[in-house]
Amino acid sequence: MNRIKAPALSAAFFLFLTGILCYFSGRSFRTMHRSETVFPSVGLTDTHQLSDYFPPLKNTHGDTEVYIFRGMEKGGNLLVLGGTHPNEPAGLMTAVLLIENIRGKRGNVIIVPRANSSGFTHSDPQEGNPQRFEVPTPAGPRLFRLGSRLTNPVDQWPDPAIYINPAGQKLSGNEVRNLNRCYPGRANGFLTERIAFAIMELIRRERVDIGIDLHESAPEYPVINAIVFHENSSELAALALLELQAEGFDIRLEASPVNLRGLSHREWGDHAGIKAILLETPNASHGRLKGKPSSSLIVDGKDKFYAKASRLGWLFVPYGEEGIPLSLRVARHLAALKALLGGLAELEPEKAVEFEGMPLPSEVQKKGVGAFLHPPT
């Protein structure tokens with residue numbers, strides 16, 4: 001009798017432990033559905049949801065915040081998109097930094113910090129990434145979510161074996177959850193396609209003139225430290241390149257391939273007719289050669305394995321022992337944004353966009369991103 005009871009008690013004990021682990025892990029992942037607080041500057045004039053532009057998104061995890069800073073003078077309309085890929089944190093942090101500091105002066109600035117909101121609610125499987133990263137500020141740390149490149153499968157499943165995107169290109173099935181492969185979107189499509197469609201509606205209704213999509217890529221990826229531009233933005237990209245090089249930023253130009261469809265820098269230009277730009281910075285936490293994933297790797301950008309890979313000539317960017325910190329990556333995005341707007345004002349003065357309060361890229365590099373964020377509450 002005792003021999004029968006022992007296995008039963010062991011099984012019950014392990015079931016109990018399994019239940020406890022499921023409870024705490026489930027509770028942890030549930031917290032990723034809570035958006036971190038953003039503290040807009042006094043210059044904010046309008047706050048919308050993406051579903052205001054496309055109502056079928058309402059009450060889905062694809063809906064997300066849209067912040068608008070309208071200037072007193074007439075000018076152009078700028079769209080800044082962060083969080084297209086929620087595992088590329090410099091895009092999110094650049095957008096948040098702008099929201100918390102700028103004031104409109106001429107034209108309008110429209111900022112979407114978490115473009116694929118669903119992607120922020122989960123992590124990439126088998127990567128061991130932290131759910132959040134910590135940005136130090138003078139008044140204490142602020143936490144921000146690190147999500148996945150793809151829409152949460154809880155919100156969109158199953159993936160097809162082959163995905164034919166709205167622009168007609170055949171792709172691997174899981175790209176159906178990659179927002180930057182789903183443009184120009186479908187009104188009655190998958191959730192990710194509906195997010196893309198809603199962004200296109202935002203561009204149409206807000207009469208956007210220039211759209212900038214903020215990204216990061218691995219140091220071993222060839223399209224890095226780059227301005228990727230639609231052909232209608234080639235002159236603008238060239239002017240920005242000259243200014244960035246004069247300021248000491250190593251940058252390259254990459255023309256948007258006409259046969260690579262579904263991406264923002266292709267479909268925004270083709271379907272909406274706007275100037276379309278995608279910016280890339282190097283992020284070690286995004287790559288395949290990194291050591292242990294951690295919040296400090298995301299923020300400090302130091303990794304001995306990438307430093308060694310750089311010495312061996314395996315990377316497309318210099319990577320020293322000091323790493324490539326978040327402050328430098330955000331500063332690059334800010335400098336590129338400033339240069340692009342300067343070029344736009346020169347080429348098309350009637351579409352110029354001006355705003356005040358943006359921290360200088362050199363100051364962000366020196367003091368860190370957190371120095372320009374609202375104190376945590």
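Begin by selecting Asn225, which is found in the loop between strand 9 (210–217) and strand 10 (226–229). Helices (H or I, at least four residues) and strands (E, at least two) are DSSP runs, numbered from the N terminus. Asn225 is not a glycine, yet has a positive phi of about 45°. Is Asn225 buried or exposed? With 8% relative accessibility, Asn225 counts as buried; the term means under 20% relative accessible area, while exposed means over 50% and partly exposed lies in between (1.4 Å probe, protein chains only).

Before moving on, note how the model is to be read. Residues are numbered from 1 along each chain as its sequence is written, and this is a predicted model. Local features need pLDDT of at least 70, side-chain atom pairs count only at pLDDT 80 or more, totals for chains, interfaces and linings use all residues, and side-chain values use heavy atoms, with hydrogens and water left out.

Next, select Gln126, in the loop between strand 4 (103–112) and strand 5 (132–135). Gln126 also has a positive phi, about 65°, although it is not a glycine. Its relative accessibility is 85%, so Gln126 counts as exposed.

Now go to two cis peptide bonds.

- Select Trp157 and Pro158: a cis peptide bond joins them, with omega about 0°. Pro158 is in the loop between strand 6 (142–145) and strand 7 (162–164).
- Select Tyr183 and Pro184: a cis peptide bond joins this pair, with omega about 5°. Pro184 sits in the loop between strand 8 (170–172) and helix 3 (191–205).

How many of the 15 residues of helix 3 are buried? The number is 11, so helix 3 is largely enclosed by the rest of the structure.

Helix 3 is followed by Arg207, whose phi is positive, near 55°. Then select Asp209, in the loop between helix 3 and strand 9. Asp209 counts as buried, at 18% relative accessibility. Which residues does Asp209 touch, not counting those up to four places away in sequence? They are Gly76, Asn77, Ile274, Lys275 and Lys351, where contact means heavy atoms within 4.5 Å.

Finally, select the whole chain. Its secondary structure comes to nine helices and 13 strands. The radius of gyration is 22 Å, close to the 21 Å that the globule rule gives for 377 residues, so the chain is as compact as a globular protein of that length. That radius is taken over C-alpha atoms, and the rule is 2.2 Å times the number of residues to the power 0.38. Along its principal axes, the C-alpha trace spans about 90 × 50 × 45 Å. Of the 377 residues, 55% count as buried. Among contacts with a separation of 6 or more, 74% are between residues 24 or more positions apart.
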